[in-house]
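Subject: Structure handover

Hello,

Here is the structure for your files. Please open it first, then read the notes below.

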Amino acid sequence: MSAIIKTPEEIEKMRVAGRLAADVLEMIGPHVVPGITTDELNTICHDYIVNVQQAIPAPLNYHGFPKSVCTSVNHVICHGIPNDKALKDGDSVNIDVTVIKDGYHGDTSKMFHVGTPNIQGKRLAEVTQESLYLAIKMVKPGVRLGDIGEAIQKYAEGFNYSIVREYCGHGIGAGFHEEPQIMHYGKAGTGEALKAGMCLTIEPMVNAGKRQCKLLKDDWTVVTRDRSLSAQWEHTLLVTENGVEILTLRSDDTIDRIIEH
């Protein structure tokens with residue numbers, strides 16, 4: 001299977017879905033405070049997606065996932081299931097949102113710091129976001145997936161952090177997860193070349209300690225094996241004729257929506 005090149009009509013739908021996913025992350029920010037539970041955050045996001053946006057939360061019942069967003073706290077790498085444990089001052093939490101509108105997916109995630117940020121958690125989140133921005137700025141037709149993977153890996157490892165290898169970015173559109181898989185490590189000059197009209201996510205998962213992870217008994221929650229902190233950021237992207245358009249850009253992003261080469 002190779003990447004699905006989107007038609008102009010599909011690209012328009014992807015823009016709408018991407019904007020909605022970004023809006024959910026903007027909406028939920030003020031609610032991420034000490035004392036709130038991730039289940040309460042899930043309910044707020046669910047109600048906003050369904051009632052305000054009149055869209056569908058893609059994670060809900062996806063292969064049996066029980067909630068509408070993923071909330072990954074501290075040493076949880078990804079796919080954390082919202083629960084009734086209260087967030088406390090200094091926690092880091094990734095909220096991962098995927099919205100379906102008119103049959104198309106917008107997928108994005110952001111790191112939030114609860115109360116007074118933990119210094120280590122804040123720095124890890126910053127470096128992870130910088131690695132995502134670095135990768136996004138490379139995207140254009142002809143760039144290979146290995147080029148992107150190597151750039152992210154080298155950047156994160158330059159801070160003595162490690163890249164999670166078991167989970168990756170992906171093509172996206174009418175399908176939640178389409179070809180190709182986007183690894184966040186690799187070798188420049190290898191892998192599929194990007195083409196105009198491809199939509200994909202880049203979503204590096206970076207650990208403060210070792211890269212090894214463990215899947216918990218719920219069959220969803222992935223944690224760092226050494227209990228070190230983990231961070232992740234994600235955007236949905238469109239490869240344009242001469243660069244990239246970020247479909248899930250938020251007002252707090254410090255990168256341009258459209259990058260041309």
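Is Cys78 buried or exposed? Cys78 is buried, at a relative accessible area of 4%. Buried means under 20% relative accessible area, exposed over 50%, and partly exposed in between, with a 1.4 Å probe and protein chains only.

Before the rest, the ground rules. This is a predicted model, where local features need pLDDT of at least 70, side-chain atom pairs count only at pLDDT 80 or more, and totals for chains, interfaces and linings use all residues. Residues are numbered from 1 along each chain as its sequence is written, and side-chain values use heavy atoms, with hydrogens and water left out.

Cysteines

A disulfide here is a pair of cysteine sulfur atoms within 2.5 Å. The count by that rule is zero. Cys45 is in no disulfide, and its nearest cysteine sulfur, in Cys70, is 11 Å away. Cys45 is buried, with a relative accessible area of 0%. For Cys78, the closest cysteine sulfur belongs to Cys213, at 7.4 Å, which is too far for a bond.

Helix α1

Helices (H or I, at least four residues) and strands (E, at least two) are DSSP runs, numbered from the N terminus. Helix α1 has 21 residues and spans 31 Å from first C-alpha to last, close to the expected 30 Å. That expected span is 1.5 Å times one less than the number of residues. Its buried residues include Met14, Ala17, Leu20 and Leu25. Among the elements covering the buried residues of α1 are α2, β4, β5, β9 and β14.

Ala17 has a relative accessible area of 0%. Beyond its neighbours within four places in sequence, Ala17 is in contact (heavy atoms within 4.5 Å) with Val99, Tyr104, His105 and Gly106. The C-alpha atoms of Ala17 and Gly103 are 9.0 Å apart, though 86 residues separate them along the chain.

Strand β14

Strand β14 covers residues 235-240, and six of its six residues are buried. His235, Leu237 and Val239 are on one side; Thr236, Leu238 and Thr240 are on the other. In a regular strand the side chains alternate between the two faces of the sheet.

Two strands pair if DSSP finds at least two bridges between them. β14 pairs with β9 in the antiparallel sense, over four bridges. β14 also pairs antiparallel with β15, again over four bridges. Leu238 is the bridge partner of Cys199, and Leu238 stands opposite Glu245 in β15. β14 and β15 form a hairpin with two residues between them.

Salt bridges

The structure holds 13 salt bridges. A salt bridge is a side-chain nitrogen of Lys or Arg within 4 Å of a carboxyl oxygen of Asp or Glu. Three of interest:

- Arg15 and Glu12: the closest N and O atoms are 2.7 Å apart. They sit three residues apart in α1, so about one helical turn separates them.
- Asp39 and Lys67: the closest N and O atoms are 2.7 Å apart. This pair links distant parts of the chain, with Asp39 in α2 and Lys67 in the loop between β1 and β2, 28 residues apart.
- Asp252 and Arg250: 3.0 Å, N to O. Salt bridges with shared partners join Lys110, Arg250, Asp252 and Asp253 into one network. Arg250 is buried at 3% relative accessibility, whereas Asp252 is partly exposed at 33%.

Regards
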